[in-house]
Amino acid sequence: MNPEIKQLKKDILSDNWDIILLASDGLAEIGGEKVVTFLISLLSSENPLTRNGSALALRKIGSNSALEPLLAAIFKKENHGYNGTMVYALESLDCSKKLKEIFQILFYETYESKMSAYSILSNQEFEFTKRDLFEIQQMWDDCKLHPEKCPCYNEEETRAMMEELVTDFREYLLK
C-alpha cells in the first residue's frame with residue numbers, strides 16, 4: 001500500500017478534528033474505488049468525527065456508490081441528531097430516486113440536516129410515483145399531528161420551508 005494512503009487512513013481515525021480534515025481532503029484528492037470503499041466502511045464508526053471526516057471526503061469524491069451507505073448511516077438510530085454532515089454529503093450525489101428518504105430527513109432530523117435536505121430537494125430532479133407523494137403527505141400530516149417528532153416544527157420559518165416543499169411536490173398529484 002502506498003505509504004501516503006496508509007498514513008491518511010491512519011490519520012482519519014484520529015481524535016483530532018484538524019488531522020481528520022487533512023486526511024479527509026487527502027483521501028478525497030486520491031479518490032478511486034479502494035478509497036471510496038474504505039471511506040464507506042468508516043460510516044459505521046462509533047466515532048462521530050470519523051464518520052464526519054469520511055462523509056466530507058465522500059462528498060468531495062462524489063461517487064454515487066456512497067448513496068445507500070450514507071442513507072443507512074443517516075437513519076441509524078444512534079446517529080439520529082448527529083448526522084448533519086452525512087446529509088450534507090448527499091448534496092453532491094444523485095438522489096433522484098430517493099425523494100421519500102430526503103423528505104424523511106427534512107421532517108424528522110435536526111435543523112442542520114433539514115437545511116441540506118432542503119438544498120437537495122430544491123436543486124435536484126426526482127423520479128417518483130403518486131404513491132411516493134402520498135407517503136410524503138402522510139409523513140407531513142404526522143408532523144402536523146405530532147410536532148414533537150419533527151425537530152424545529154414549532155419554528156415558523158422552518159415549518160414554512162417544509163410546507164413549501166410539500167406543496168411544490170404535491171402539485172404533481174394534481175396533474
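**Overall architecture and helix pairs**

Modeller: Along the sequence, the protein follows the pattern α-α-α-α-α-α-α-α-α-α. This is a predicted model, in which local features need pLDDT of at least 70 and side-chain atom pairs count only at pLDDT 80 or more, while totals for chains, interfaces and linings use all residues. Residues are numbered from 1 along each chain as its sequence is written, and side-chain values use heavy atoms, with hydrogens and water left out.

Biologist: How many helices and strands does the protein have?

Modeller: The protein has 10 helices and 0 strands. Helices (H or I, at least four residues) and strands (E, at least two) are DSSP runs, numbered from the N terminus.

Biologist: What makes the radius of gyration agree with that of a compact globule?

Modeller: The radius of gyration is taken over C-alpha atoms, and the globule rule is 2.2 Å times the number of residues to the power 0.38. For 175 residues the rule gives a value near 16 Å; the protein has 17 Å, and therefore the two agree.

Biologist: What share of the residues is buried?

Modeller: Buried residues make up 46% of the 175 residues, where buried means under 20% relative accessible area with a 1.4 Å probe, protein chains only.

Biologist: Why are H1 and H2 called oblique to each other?

Modeller: The axes of H1 (residues 3-11) and H2 (residues 17-30) come within 8 Å and cross at roughly 140 degrees. Axes are lines fitted to C-alpha atoms, for helices over the stretch in contact, with angles from 0 to 180 degrees between N-to-C directions. Angles under 35 degrees count as roughly parallel, over 145 as roughly antiparallel, 65 to 115 as roughly perpendicular and the rest as oblique. H1 and H2 are therefore oblique.

Biologist: Which residues of H1 make the contact with H2?

Modeller: On H1 they are Glu4, Ile5, Leu8, Lys9 and Asp11; the partners on H2 include Ile19, Leu22 and Gly26. Contact means heavy atoms within 4.5 Å.

Biologist: What makes H9 roughly antiparallel to H10?

Modeller: Their axes come within 10 Å and cross at roughly 155 degrees. That angle makes H9 roughly antiparallel to H10. Leu133, Gln137 and Trp140 in H9 meet residues of H10, among them Met162, Val166 and Phe169.

Conventions. Buried means under 20% relative accessible area, exposed over 50%, partly exposed in between (1.4 Å probe, protein chains only).
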